[in-house]
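Subject: Handing over the structure

Hi there,

Here is the structure I promised to pass on to you. My notes on what turned up in it follow below.

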Amino acid sequence: MIFSIIKQRRWLYISLSILSLCLAVSITPARASVQIPTTSTLNVSVSTSSQPSNWLEQGRNLYRSGRFPEAVTIWQTAAQQYHAQGDRLNEALSLSYLSLTQQELNQWQAAQQSIEQSLKLLQTSIPSADAILWAQVLNTQANLQLHTGKAETALESWQQAQKFYEQAGDKMGSLGSQINQAQALQTLGFYRRSKQQLEVLTEKLQGMPDNEIKVSGLRSLGLALQIIGDSSKSQQILEQSLAIARQISAQPQLSSILIGLGQTAVDLQDPKAALDYFEQAQLLTTNPSDRLQARLAQFKLFLNYNKLEFVNSLAPQLLQELRELPPSHTSLYAAINFVATINRQSNSHPILPLKDLAQLMAITVKSAQQIQDTQAEAHALNQWGKLYLRTQQLSQAQELTQKSLNIARQLQANDIIAQSARQVGQLYKQQGDRSKAITTYTEAVNALKALRGDLVAINPDVQFSFRTSVEPVYRELVDLLLEDQPSQAELIEARELIEALQIAELDNFFREACLDRTQQIDQVDPTATVIYPIILPDRLTVILSKAGQPLRSYVTHKSQAEIEQTLDNFLVALNPVSDSKDRDRLSQQIYDWLIRPEEAEQAFINTKTLVFVLDGRLRNIPIAALFDGKQYLIEKYAVALSPGLQLMATRSHHQNHISAIVGGISQSRAGFSALPAVESEVKQISKAVSSSVLLNQEFTSQALAKRVKSSSKSIVHLATHGQFSSRLEDTFLLTWDGEINVKELSELLKNRGSDPSKAIELLVLSACDTAAGDDRAVLGLAGLAVKSGARSTIATLWPVKDRAAAMLMTRFYDQLRQPKITKAEALRQAQISLIRQTDFHEPFFWSGFVLIGNWI
């Protein structure tokens, strides 16, 4: 009898953990951080009284269906009854479950009180409590700590929980606790440690026998990897979990694994596979909540890929289903996400009558009030207001959105503040109240900055969509600040916002914080002028920053569409087979926008280097190739790119002590074409500077990592295939043993410890490419440049003829050895030599080389 109850309790906690994770990923909107609850077991002696067991069973069923308020009531009753019976052990366990459920309701203070009571019972009334019970309660405490922004304390609590699991001989509990620790590390920004821990856990799980606990562990691990952006590895682990679940008939877990796989397929841009997984999940599940989540996921997929015939048939069914659901945490967020998905669509013909959607949000607000889920109420009010905004019923929209914002302020819920403050700002802007619009937009931006760590640590399906919900907030505020004749204070604020946006983009790309140390450019080089071209909907504004001088701005009134079309046409015209007159005309037009007004006012007097903080599609064009009608820009100034005033600590290179690690692949490898001139490039560079060479078979990721770590050489030069993209998964470099992704590469290059004197001075990536058709592909290049820790990076915007690349690189190193020359000037002289002294004078052959970071 005791054994059967132990089994029942074990399944109870596993079910709660699985369910909690499913809810966190599939339903709940962005919160302070995302937990990875452990899959764990309970092996304690418990009361055989049937009534408390029924209470716990009822609590589990209510939790599973998302009826958290009722689960709270049941577990409160169970805790009281166990207290009355003097059963302190089960009272402590009930309080731990109660805290976990209160966390789902965002009742943080109540959850804190419940877990403190549970811990107090363990410390004072149950001195001989089983180690496993300690582990469970510590797990719940850590979960609360992570949710409330105490990731470091959560990490310590999970480490304690792990020790108790190991003391109890519970391998799965120990592994689950380590999965949680990996998430806490990621939240703290320790990506390398997190990834290493997850890799070790994967190996441990492989060695375990196939059972439901292994399925749960692999599923949790797969979702953890999905959260930190390793979609391919996540897919592999989830597929393994699915195969074992099917083999051992672990039916209750199949649907949640399939939904996880569907989300990973969405991340990997494989809609066909995603749809198949969601359909399987819907067919296999007996859980109404999972079925609803699968159908909502299909709906979102159809909408994102504009499959309106499926959208139009599914939408009314979902609307009816959502109307009829009883009030619960699950049903509230299902309705909110359904309306939010529709609100994100910009088409003028709504999928459903807006009055029906407004009615659904009215019901959701009432239900949220009924079960006291204040955060859901704020989200629902925001979406309800957005519906009225779409129909230009501005007074209703403002009333509802302001209510949402007021609640969010009380809750200090920055994710809701960011959305609602932006919406209130839009309404003030439409009313012509620029001052109030700026104030509320500033509140929205500040909320986004406060969320910086959370936005990069959580799953994209839960977090804000960067391009639709984060980037526009910054841009709309910049647009307001730069209206008419902006003041000096407004120019400074606009410049800072553009820089903050660039860093937010990099954070979003890597899903972790990238830049923390900053330094003003005008403190680095007083002979540099910084140019910020900002593309706005109806104009191009250029801000100029020069040491010791006020900021200046210039405006060209052109639509965003016209500007971007010109930039695209210029890129096409750079092909050597294109009409050179057409290329020069387009190049000169862009020159007139960015450079000529400043030159006319002699803004570049005493300027040696132009540093560009490029915006949007401007990042894809070679600034050095801009043409004034007689000369290219590079013939007049050295050119560098920067994410803004953010640079690593500067240190001038020592020309007399230049040394390099030079690696490359000249042979055909892994489906990539041969680069025959690479061998010559490597040999010539090794003659020009003291070099450690890794060529072809020697150029493996392990050999490169070892060489970087053990060597103090200041330059790393890699001549091999690679691709930069706005997608993390599509940004890589080719080594002899395969592709190494940008995260791994950046970690490898930083592997010299924390001593700044050992940092890589210059990273050169020769023969790389930016992803075709990706208008934000250079984000991957900028990301690597910043994240690698290298002070400067030289790379190519497109594949350059390898003989031209070898010639340019050899001349660059010859220049770099000259006394008192900057890296930007060395690159400039190498480019000028190709223009004036070789057959490679067309911009295509030399202008694709860009310098990012510290140009000195």
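Predicted model: local features only at pLDDT ≥ 70, side-chain atom pairs only at ≥ 80, totals over all residues.

**A parallel pair**

The axes of helix 29 and helix 33 (residues 802-816) cross at roughly 5° and come within 9 Å. These two helices are therefore roughly parallel to each other. From helix 29, the contact draws on Ala677, Val678, Glu681, Gln684, Ile685 and Ala688. On the side of helix 33, the residues are Asp802, Arg803, Ala805, Ala806, Met809, Thr810, Tyr813 and Asp814. Sorted by class, the contact of helix 29 with helix 33 has eight nonpolar, four charged and two polar residues.

Two loop residues belong with this pair. Alanine 670 sits in the loop between strand 6 (659-664) and helix 29 (677-688). Although alanine 670 is not a glycine, it has a positive phi of about 55°. Is alanine 670 buried or exposed? With a relative accessible area of 58%, alanine 670 is exposed.

Lysine 801 is in the loop between strand 12 and helix 33. Its relative accessibility is 43%, so lysine 801 counts as partly exposed. Not counting residues up to four places away in sequence, lysine 801 touches Phe840 and Phe845. Lysine 801 and leucine 675 are 126 residues apart in sequence, yet their C-alpha atoms are 9.1 Å apart in space.

**The whole chain**

Stepping back for a moment, the protein chain has 35 helices and 13 strands. Of its 856 residues, 61% are buried. If we take contacts between residues at least 6 apart in sequence, 71% join residues at least 24 apart. The accessible surface comes to about 32400 Å², and 47% of this belongs to carbon and sulfur atoms.

**An enclosed helix**

Which residues of helix 32 are buried? They are Val778, Leu779, Gly780, Leu781, Ala782, Gly783, Leu784, Ala785, Val786 and Lys787. That makes 10 of the 10 residues of helix 32 (residues 778-787), so this helix is largely enclosed by the rest of the structure.

Just after helix 32, glycine 789 takes a positive phi of about 85°.

Helix 10 (residues 212-227) packs with helix 11 (residues 231-247) at an angle of about 160°, and their axes are 8 Å apart. Angles over 145 degrees count as roughly antiparallel, and helix 10 and helix 11 are therefore roughly antiparallel to each other. The crossing of helix 10 past helix 11 is left-handed. Helix 10 brings Lys214, Val215, Leu218, Arg219, Leu221, Gly222, Leu223, Leu225 and Gln226 to the contact.

Helix 21 (residues 434-450) and helix 23 (residues 466-481) pack at about 145°, with 10 Å between their axes. Here too, helix 21 passes helix 23 in a left-handed crossing. Arg434, Ala437, Ile438, Tyr441, Thr442, Ala444, Val445, Leu448 and Lys449 are the residues from helix 21. They meet Val470, Val473, Tyr474, Glu476, Leu477, Leu480 and Leu481 in helix 23. By class, the contact of helix 21 with helix 23 has 12 nonpolar residues, three charged and one polar.

**Two single residues**

Glutamine 412 lies in the loop between helix 19 (394-411) and helix 20 (414-430). This residue has a positive phi of about 55° although it is not a glycine. At 66% relative accessibility, glutamine 412 counts as exposed.

Glutamate 739 is part of strand 10 (residues 738-741). Leaving aside neighbours within four places in sequence, glutamate 739 is in contact with Phe672, Phe732, Leu733 and Leu734. Between the C-alpha atoms of glutamate 739 and serine 701 there are 8.8 Å, with the two residues 38 apart along the chain.

Conventions: Residues numbered from 1 in each chain as written. Heavy atoms only, no water. Axes fitted to C-alpha atoms, helices over the stretch in contact; angles between N-to-C directions. Helix = DSSP H or I, 4+ residues; strand = E, 2+ residues; numbered from the N terminus. Parallel < 35°, antiparallel > 145°, perpendicular 65-115°, else oblique. Left-handed = near helix turned anticlockwise from the far one by under 90°. Contact = heavy atoms within 4.5 Å. Buried < 20%, exposed > 50% of the residue type's maximum accessible area, 1.4 Å probe, protein only. Areas by Shrake-Rupley, 256 points an atom, 1.4 Å probe, with all protein chains shown as cover. Nonpolar A, V, L, I, M, F, W, Y, C, P; charged D, E, K, R; others polar.
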